[in-house]
Amino acid sequence: MYTNRWEGLDEFVAVAECGQFTAAAERLGVSSSHISRQIARLEERLQTKLLYRSTRRVALTEAGQTFLHHCQRLQDGREEAVRAVGDLTSEPKGLLRMTCAVAYGERFIAPLVTRFMDEYPQLRVDIELTNNTLDLVHEGMDLAIRLGRLQESRLVATRLAPRRMYLCASPSYVERYGRPHSVSELSRHNCLTGSSDTWLLQQNGKEFSQRIHGNWRCNSGQAVLDAALHGVGLCQLPDYYVLSHLKSGALISLLETHQPPNTAVWGLYPQQRHLSPKVRKLVDYLKEGLAKRDEYQAR
């Protein structure tokens with residue numbers, strides 16, 4: 001005869017959590033005798049006693065305590081599986097809070113999010129554009145867009161787009177001051193400082209940080225780009241700032257063999273068993289949308 005190995009698990013958990021057969025029966029909407037029969041059959045199948053019964057309450061045996069822990073995990077997993085399947089067909093709704101660096105968010109992310117909301121009118125979005133690295137869990141954020149190399153964390157990361165750094169100068173600067181042919185020669189050039197006074201480079205396959213010096217600094221990538229285009233000095237900027245200018249000849253790529261390997265644009269979200277529809281679908285939308293941008297087509 002076929003025996004359902006899962007039979008009695010819900011009844012056992014209800015009794016263990018309620019401490020009484022009658023209370024467990026009320027929770028599940030069945031009779032106390034049904035609860036008693038199911039647990040008796042469960043104990044018979046397991047060949048072990050799970051509960052100590054008294055006239056007023058029941059208590060778990062040592063085997064019952066161990067079994068309860070696993071049964072609760074099974075229940076959680078079952079509910080999670082049902083929600084996950086339901087989420088596949090449900091539409092994004094409610095509030096989605098996200099963060100991104102200011103310049104990249106203004107230029108790339110916010111316009112895509114705006115178009116995404118056209119498709120899902122029940123969704124509300126709160127975007128925090130900041131160059132500070134926010135704690136997603138502490139701040140109650142659903143999603144962060146991060147650039148470059150990721151630090152170790154418990155966040156789940158999805159690669160949204162490539163990101164490559166270029167060291168560049170204008171033709172007028174190179175004509176006037178010459179072209180550097182080695183990393184050591186950077187000390188003789190005016191290096192435009194952005195949000196960091198180090199540049200990431202590589203030599204013989206190993207990455208390293210090179211401290212730079214110059215007479216110009218601004219924590220805006222666009223401002224660094226403008227200064228480089230005007231021949232003020234060398235710059236190191238991500239691809240989406242400089243590719244069109246490299247293509248037009250307004251900038252020249254330098255020390256190409258020393259440029260660091262590709263990094264990336266990442267979508268990060270707090271670790272959980274499955275993505276909510278609003279986060280999952282927005283991440284997919286951003287990935288598709290960034291791939292269509294002219295800045296990523298020009299490489």
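Tutor: The protein chain contains eleven helices and twelve strands (DSSP runs, H or I of at least four residues for helices and E of at least two for strands, numbered from the N terminus). Its radius of gyration is 30 Å, well over the 19 Å that the globule rule gives for 299 residues, so the chain is more spread out than a compact globule; the radius is taken over C-alpha atoms, and the rule is 2.2 Å times the number of residues to the power 0.38. Along the principal axes, the C-alpha trace spans about 95 × 45 × 35 Å.

This is a predicted model, in which local features need pLDDT of at least 70 and side-chain atom pairs count only at pLDDT 80 or more, while totals for chains, interfaces and linings use all residues. Residues are numbered from 1 along each chain as its sequence is written, and side-chain values use heavy atoms, with hydrogens and water left out.

Now to the pocket itself. The largest pocket has a volume of about 1400 Å³. On a 1 Å grid over the protein atoms alone, a pocket is an open set of points where a 1.4 Å probe fits, with protein on both sides within 12 Å along at least five of seven lines, and lining residues have an atom within 4 Å of a point. Grid points are joined across faces, edges and corners, and the volume is the space filled by probe spheres set on the points. The lining comprises 46 residues, of which Ala101, Leu147, Gly148, Arg163 and Ser195 are the closest to the centre. By class, the lining residues divide into 24 nonpolar, 18 polar and four charged (Ala, Val, Leu, Ile, Met, Phe, Trp, Tyr, Cys and Pro are nonpolar, Asp, Glu, Lys and Arg charged, and the others, Gly among them, polar).

The strands β3 (94–100), β5 (143–147), β8 (198–203), β10 (235–238) and β12 (263–269) each supply at least two lining residues, as do the helices α5 (102–119), α8 (221–229) and α9 (239–248).

Leu243 counts as buried at 8% relative accessibility. The C-alpha atom of Leu243 is separated by 60 Å from that of Leu68, 175 residues away along the chain. Just after α9, Gly249 takes a positive phi of about 90 degrees.

Further along, Leu255 lies in the loop between β11 (252–254) and β12. Leu255 has a positive phi of about 45 degrees although it is not a glycine. Most residues other than glycine have a negative phi. Leu255 is also buried, with a relative accessible area of 8%. Gln47, in the loop between α3 (32–46) and β1 (51–53), likewise has a positive phi, near 60 degrees, but counts as exposed at 68% relative accessibility.

Arg154 is exposed, with a relative accessible area of 74%, and its C-alpha atom is separated by 17 Å from that of Met98, 56 residues away along the chain.

For the chain as a whole, buried residues make up 40% of the 299 residues. Among contacts (heavy atoms within 4.5 Å) between residues at least 6 apart in sequence, 72% join residues at least 24 apart.

Note on methods
Buried < 20%, exposed > 50% of the residue type's maximum accessible area, 1.4 Å probe, protein only.
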